[in-house]
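Let's take a walk through this protein together. Have a look at the sequence and the fold first, then read on.

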Amino acid sequence: MKINAYFQLLLEGKEQEAEKVHISTIPNKLIKFIWLDESEKDDLKFLTLKRDEMWFAHKKSLNDPYEYKGMLIDKEKLIKAGYPIKTIEKYQTIFDLNDYGVTCLSSNSIDYLPMWAYYTNNRKGFCVEYEVIKKDYIHEVLYEPESIKVASLFIEYIEAIISGQKKKADFYIKIFLQNFFIKAKSWEHEKEYRIVYSIDENSDGINVPVNKLGMRTSRIVAGINCSEDNKKKLNEISKSLGLENVYISKIHPEKYKMDCMRYEED
């Protein structure tokens, strides 16, 4: 994302232009990789897929221990500026983000082998390809070499709140909410995009209809090691969604890639 241009336009009050910058970075197709391991959770994943929904997980269940820590408050600078700890703690709750769930997608191609290895239990699972209809809800993940410490921006946010400058405070909130979409640079190869959704902070997450997120399910692809029984389940679901038969991935005989072919039941 052209983050500097985006923030500059927000600062100038040009919200529509800023949104155009945001939307310009979102691809037309995104992919979600799903883990299957013959546990009871598989049934829930099949049900979510059949209902044409997407799971939004609370941050506590995500696999990166640094989730939502891409942007940190520089407490030392705030204390030196004369702000008491209680004031800092009161306003830093904006960084907690406990009442939101996140779903993670990728712009990598379906045959990108590392994603299959990380997220489908050694290719025993499957992936779902989505056509992006409305791009407003989707955000590109930014990859940084280290966490970004904020102090002056946070001071300006506090002062805007205290002085009742709601529009200015909302601007800084938009900046701080980028914390959803910042990860360490070591994850960069995943080419991740995210959607966030309001959830009960005490829950593990929530299912949300795909069409409510501005997307359309376009195809389902089973992993190389997906069981025959699960291929049949995926094929039934694919047809129930009005799609073609599920696709089956195969190892390419000569190249480091996967071929996809339609599933044909015996």
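Of the 266 residues in the protein chain, 44% are buried, where buried means under 20% relative accessible area, exposed means over 50%, and partly exposed is in between (1.4 Å probe, protein chains only). Keep in mind that this is a predicted model, in which local features need pLDDT of at least 70, side-chain atom pairs count only at pLDDT 80 or more, and totals for chains, interfaces and linings use all residues. Residues are numbered from 1 along each chain as its sequence is written, and side-chain values use heavy atoms, with hydrogens and water left out.

How confident is the predictor? The pLDDT, its confidence in each residue from 0 to 100, averages 90 over the protein chain, and 98% of the residues score at least 70. Among the elements, strand β1 (residues 29-34) has the highest mean, 98, while helix α1 (residues 3-11) has the lowest, 74.

Now for the overall layout. The protein chain has nine helices and 14 strands; these are DSSP runs numbered from the N terminus, with helices being H or I of at least four residues and strands E of at least two. Along the principal axes, the C-alpha atoms fill a box of roughly 75 × 35 × 35 Å. Take contacts (heavy atoms within 4.5 Å) between residues at least 6 apart in sequence: 77% of them join residues at least 24 apart.

Next, zoom in on the rings. There are 14 aromatic pairs in the structure. Rings of Phe, Tyr and Trp (its six-membered ring) pair if their centres lie within 6.5 Å; planes under 30 degrees apart count as stacked, over 60 as edge-to-face and the rest as tilted. Phe 95 sits in the loop between α5 (85-91) and β4 (100-106), and Phe 176 in helix α8 (residues 166-176), so to speak a link between distant parts of the chain, 81 residues apart. Phe 176 also pairs with Phe 154, again tilted: 6.0 Å centre to centre, 50° between the planes. Because Phe 154 lies in helix α7 (residues 152-162) and Phe 176 in α8, this pair ties together parts that are 22 residues apart in sequence. Phe 154 counts as buried because its relative accessibility is 0%, and Phe 176 because its value is 1%. Ring pairs join Tyr 91, Phe 95, Phe 154, Tyr 157 and Phe 176 into a cluster.

Which residues of α8 are buried? They are Ala 169, Phe 171, Tyr 172, Ile 175 and Phe 176. Seen down the helix axis, they fall within an arc of 155°, so they line one face of α8; the arc is that of the directions from the helix axis to the C-beta atoms. The face turned away from this buried side carries the exposed Lys 166 and Lys 167.

Elsewhere, a charge meets a ring: the charged end of Lys 183 sits over the ring of Trp 187, 4.2 Å from its centre. That wording requires NZ of Lys or CZ of Arg within 6 Å of the ring centre and within 35 degrees of the ring normal. Arg 219 likewise lies over the face of Tyr 247, at 5.1 Å from the ring centre.

Finish at Glu 192, in strand β10 (residues 192-198). Glu 192 is buried because its relative accessible area is 5%. Beyond its neighbours within four places in sequence, Glu 192 has contacts including Cys 104, Glu 140 and Lys 183.

Note on methods
pLDDT = per-residue confidence, 0-100.
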